[in-house]
Amino acid sequence: MQEVTTTKSAKSSLKTKVQFLGSKLSGMVMPNIGAFIAWGLIAAIFMKSGWFPNEQLAKMITPMVTYLLPLLIGFTGGSMVDQHRGGVVGAIATMGVIVGSNIPMFIGAMAMGPLGGWVIKKFDSWAQPRTKKGFEMLVNNFSAGILGMILAIIGFFGIGPVVSGLSAILAVGVDWLIKHQLIPLVNIFIEPAKILFLNNAINQGILTPLGIQASAQAGKSILFLLEPNPGPGLGVLLAFMFFGRGSAKSSASGAAIIHFFGGIHEIYFPYVLMKPALFLSVIAGGVSGTFTFNLLGAGLKASPSPGSIISILLMTPKGLGNYIAVLSGVVVATVISFVISMVILKSDKSPATDLATSQAQVSAMKNATKTAADTTTTAEALAKSTTIQHIIFACDAGMGSSAMGASILRDKVDKAGLQIPVTNTSISNLQDETGLLVVTQNELATRALEKTPRAMHVAVDNFLNSPKYDQIVQILQKKQAATATPEPTNSPAATAATAGSMGIAGLELSKVNTVEFVYQEHNLGSATMAQSIFKNELHKAGVTQIAVGKVAVNEIQDVDSILVIANRETAQQLSANLTKAQLLIVADLVQAPEYPELAAQFKS
């Protein structure tokens, strides 16, 4: 049913392995990018050479870069392996490498965080079946504390010095490249890697940690400008605006605005892929831009995210010279990329190619090894699926292009009258559940399937321009219409409809003192939100004697003092087991119109 390719070549390719590693590294940084930006802004504004120097507020700069940022990375890395418990042990382990070194320990945090999560996960899988009842909390707390302590000591004496030495070697290498005017050559690798969706692996996994170290010492770093520079992509899009043909020409202006001001670089990737000679344009633009940055001494306080010109200027240190240096590098990269792209496009005499057609051709080439069994179409896949309750766009970082794709499909879903939430996240944060539709790019489809095997999957060539979105909406509309047929009067769904239409008249509330929202593993968040919403309704109604909680579907108590609220899916597991407790079934836990009326009934 999944519309993805799982060929051995894809799994074993070097590119896939690099993407996987880069995704893990960037997955530890991207959720915390707000903290990095906060640190950069505090440094840019309040340090001695900042916009508004303040000796007291500047005291936050060193503790944030030394302790806060690495601990956030360590916690995130641990939680990626074993949720909150893994995050706690990962943070404890990270503290060891922080104290055991004299530099910002970002690389050490990326190592110790996941290690801590892995160690506690393995211990739990061994210890939990052997733990006697009543001792669970004791074992859980002490095991996390003891293992965290041991890992912190290992980090202090072993990992910290090793990572410090490795960081020093890398820093010396970067300094050597800068001093010998060779740093621009790095863009020969960066620009093609960006278009092959390795941008997060490079920027967040390598350049940002090294850049933070340099910025903490020198106040700025050129490394923050190597990958986010919007100039190379802007030059390509401007060339298409003036010299392109077909839909590529007409769409280039909008893409340029999104790319330059929105910072979503992925939007220009299909334009380069449809004319592979344009790789020369972005490489030349990146090299010339970095050469200008290096020549003029440009650098940023922290990593700009997203790679928008607005973010870049906000992270630029105080001083007219710094702004001129940064803007000059962007302009030079744009001009060089534009000129070379212009020559390529004007000399191209081949028939005009539609952008969508080009994207389809790229997809066909990438998926040429598919077998006939792997070529399930979007329509066939969704037609065979169960009810879709949630659509998630997933990419490496869970930002940028996936956010744009989610916004585009969300608009289509809303206009079609479908009550289905559409969100975006990183692949590493996906949770396997039924009723989920995951939309991802062909390059990342295999990893998304491995992460969520129970979900429905649709792979697209480009988040920002895919004909599959209309197919998805049309099929979901048909499925919704098909499931809207009348159900037997004794079914849970019919009970829900009756309760709603009768104003909850069928409930006897005189003995009820507790309302429990029942959840399954995949909708704990919805139950938590519903609990908060209903509490607020009771508060507005002046009702204080009713307790409101949430409980797992297999832990509900069957007593007449409890009113159970569940959605239709959960109710199918409950209705046959409840003989005393009353059951109210709602179509949507979070957006149930019954709550205000139920609160009013409790008041009366």
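Visitor: What lies 2.9 Å from the backbone oxygen of Val97, and why does that pair count as a polar contact?

Guide: In this predicted model, the atom in question is a polar atom of the side chain of Ser101, which lies 2.9 Å from the backbone oxygen of Val97.

Visitor: Why is Ser101 called buried, and where is Ser101 found?

Guide: Ser101 has a relative accessible area of 17%, and buried means under 20%, so the residue belongs in that class. Ser101 is found in the loop between helix H4 and helix H5 (106-127). Leaving aside its neighbours within four places in sequence, Ser101 is in contact with Gly160 and Ser164.

Visitor: Which class does Lys249 fall into, and what makes it so?

Guide: Lys249 has a relative accessibility of 34%; because buried requires under 20% and exposed requires over 50%, the value sits in between and Lys249 counts as partly exposed. The residue has its place in helix H10 (residues 246-262).

Visitor: What does Lys249 touch, once residues up to four places away in sequence are not counted?

Guide: Lys249 touches Phe240, Met241, Phe242, Phe243 and Gly244. For Met241 there is also a polar pair, with the backbone oxygen of Met241 lying 2.8 Å from a polar atom of the side chain of Lys249, a distance that is again within the 3.5 Å cut-off. Ala239 stands 10 residues from Lys249 in sequence, and the two C-alpha atoms are 8.8 Å apart in space.

Visitor: Which residues make the contact of H3 with H4, and of what class are they?

Guide: H3 contributes Ala35, Phe36, Ala38, Trp39, Ile42 and Ala43, while H4 contributes Ile61, Met64, Val65, Leu69, Leu72 and Ile73. By class, this contact has 12 nonpolar residues, with no polar and no charged ones.

Visitor: What makes S6 and S8 the strands at the edges of their sheet?

Guide: The sheet is an open one of four strands in the order S6-S5-S7-S8, with parallel pairing. S6 and strand S8 (582-586) each have a single partner strand, so one side of each is left without a neighbour in the sheet. On average, neighbouring strands of this sheet are turned by 25° against each other, direction ignored. Helix H21 (residues 524-541) packs on the sheet and touches S5 and S6, its direction making about 170° with that of S6.

Visitor: How do you know that S5 pairs with S6 and with S7?

Guide: Two strands pair if there are at least two bridges between them. S5 and strand S6 (residues 547-552) have six bridges, in the parallel sense, and four bridges join S5 to strand S7 (residues 562-567), again running parallel, so both counts meet the requirement of at least two. Thr514 has Ala547 as its bridge partner in S6 and Ile562 as its bridge partner in S7, whereas Glu516 stands opposite Val564 in S7.

Visitor: Why is S5 (residues 514-519) described as mostly covered, and which residues lie on its faces?

Guide: Six of the six residues of S5 are buried, which means that each is under 20% relative accessible area. Thr514, Glu516 and Val518 lie on one side, and Val515, Phe517 and Tyr519 on the other.

Visitor: What is the order of the strands in the open sheet that holds S1 and S3, and which are its edge strands?

Guide: The four strands follow the order S2-S1-S3-S4, with parallel pairing. Strand S2 (422-426) and strand S4 (456-460) are the edge strands, as each pairs on one side only. Strands S1 (residues 390-395) and S3 (residues 436-441) pair over four bridges, with Ile391 opposite Leu437 in S3.

Note on methods: Residues are numbered from 1 along each chain as its sequence is written. This is a predicted model: local features need pLDDT of at least 70, side-chain atom pairs count only at pLDDT 80 or more; totals for chains, interfaces and linings use all residues. Side-chain values use heavy atoms; hydrogens and water are left out. Contact means heavy atoms within 4.5 Å. Ala, Val, Leu, Ile, Met, Phe, Trp, Tyr, Cys and Pro count as nonpolar, Asp, Glu, Lys and Arg as charged, and the others, Gly among them, as polar. Buried means under 20% relative accessible area, exposed over 50%, partly exposed in between (1.4 Å probe, protein chains only). A polar contact is a pair of N or O atoms within 3.5 Å; within protein, one must be able to donate a hydrogen and the other to accept it, and residues adjacent in sequence count only if both atoms are side-chain atoms. Axes are lines fitted to C-alpha atoms, for helices over the stretch in contact, and angles run from 0 to 180 degrees between N-to-C directions.
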